Amino acid sequence: MIILGLDPSLSCTGWGIIRVEGSRISHIANGQIKTDAKAPLPDRLAHLDTVLAAVIVDHAPQCAAVEEVFVNDNPQSTLKLAHARGVVLLGCARARLTVGEYAPRLVKKAIVGTGTAAKEQVQTMLRVLLPGAKVVGADAADALAVAICHANHRPRY
């Protein structure tokens with residue numbers, strides 16, 4: 001099974017693709033979708049949608065996993081995150097991907113063993129779980145972690 005993990009953000013959405021064969025997980029690809037902070041919101045959302053659609057076509061995942069929204073102290077930041085998350089969910093639905101949604105604490109627990117792990121701890125464990133993977137940035141690392149979380153929590157048939 002090929003899983004697309006997504007860490008939505010208006011400024012930089014991380015994506016990661018893994019392959020799951022039995023209990024083995026391997027890295028396929030990862031990246032970040034950056035938007036121009038000076039561009040109007042609709043243009044930024046359209047860019048996110050276009051690039052995500054290309055990632056889905058290029059890698060043909062069978063399902064997706066998306067990090068849930070966490071509430072910031074700044075309501076504007078939370079709304080921007082929600083807009084990006086909506087675009088990501090729509091893109092997955094358009095591609096007919098089933099989507100698992102995971103709280104940040106659950107993702108950290110799935111990777112490190114504790115929901116209060118620091119980003120550095122998650123990135124260290126990713127190097128262990130996906131040896132040789134070249135991760136392009138923190139957002140892509142988070143997306144790979146979401147994909148691995150989904151691999152561990154998805155229904156088995």
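This is a predicted model: local features need pLDDT of at least 70, side-chain atom pairs count only at pLDDT 80 or more; totals for chains, interfaces and linings use all residues.

Biologist: Great. What is the strand order in the sheet?
Modeller: The open sheet has five strands in the order β3-β2-β1-β4-β5, with mixed pairing. Strands here are DSSP runs of E with at least two residues, helices are runs of H or I with at least four, and both are numbered from the N terminus. Two strands pair if DSSP finds at least two bridges between them.

Biologist: And which strands sit at the edges?
Modeller: Those are β3 (24–34) and β5 (98–102), each of which pairs on one side only. From one strand to the next, the twist averages 20 degrees.

Biologist: How many bridges join β1 to β2?
Modeller: Six bridges, and the two strands run antiparallel. A hairpin of four residues connects them.

Biologist: What about β2 and β3?
Modeller: Strand β2 (residues 12–21) pairs with β3 over ten bridges, also in the antiparallel sense. Gly16 is opposite Asn30, Ile18 is opposite His27, and Arg19 is opposite Ser26. Their hairpin has two residues between the strands, and Gly22 there takes a positive phi near 65 degrees.

Biologist: Is β2 mostly covered or mostly open?
Modeller: Mostly covered, since eight of its ten residues are buried. Buried means under 20% relative accessible area, exposed means over 50%, and partly exposed is in between (1.4 Å probe, protein chains only).

Biologist: Let's switch to helices. Which strands does α2 lie across?
Modeller: Helix α2 (residues 75–94) lies across β1 (2–7), β2, β4 (63–67) and β5, and runs at about 170 degrees to β4. Axes are lines fitted to C-alpha atoms, for helices over the stretch in contact, and angles run from 0 to 180 degrees between N-to-C directions.

Biologist: How does α1 pack with α2?
Modeller: Helix α1 (residues 41–59) packs with α2 at an angle of about 35 degrees, with the axes 10 Å apart. Their crossing is right-handed, meaning the near helix is turned clockwise from the far one by less than a right angle, with anticlockwise giving left-handed.

Biologist: Which residues meet there?
Modeller: From α1, Leu41, Leu45, Leu48, Asp49, Leu52 and Ile56 meet His83, Ala84, Val87, Val88, Gly91 and Arg94 of α2. Contact means heavy atoms within 4.5 Å. By class there are eight nonpolar, two polar and two charged residues; Ala, Val, Leu, Ile, Met, Phe, Trp, Tyr, Cys and Pro count as nonpolar, Asp, Glu, Lys and Arg as charged, and the others, Gly among them, as polar.

Biologist: And α4 with α5, at what angle do they pack?
Modeller: Helix α4 (residues 119–129) and helix α5 (residues 138–153) pack at about 65 degrees, with axes 10 Å apart. This crossing is left-handed. Among the residues in contact are Val122 and Leu126 from α4, and Ala141 and Ile148 from α5. The contact has eight nonpolar, one polar and two charged residues.

Biologist: Now the loops. Where is Ser9, and what does it touch?
Modeller: Ser9 is in the loop between β1 and β2. Not counting residues up to four places away in sequence, Ser9 touches Leu48, Leu81 and Ala84.

Biologist: Why does Ser9 count as buried?
Modeller: Because its relative accessibility is 19%. A polar atom of the Ser9 side chain lies 3.4 Å from the backbone nitrogen of Cys12. A polar contact is a pair of N or O atoms within 3.5 Å; within protein, one must be able to donate a hydrogen and the other to accept it, and residues adjacent in sequence count only if both atoms are side-chain atoms.

Biologist: Last one: what does the side chain of Thr35 reach?
Modeller: The backbone oxygen of Leu10, at 2.5 Å. Thr35 is in the loop between β3 and α1, and it counts as buried because its relative accessibility is 13%.

Conventions
Residues are numbered from 1 along each chain as its sequence is written. Side-chain values use heavy atoms; hydrogens and water are left out.
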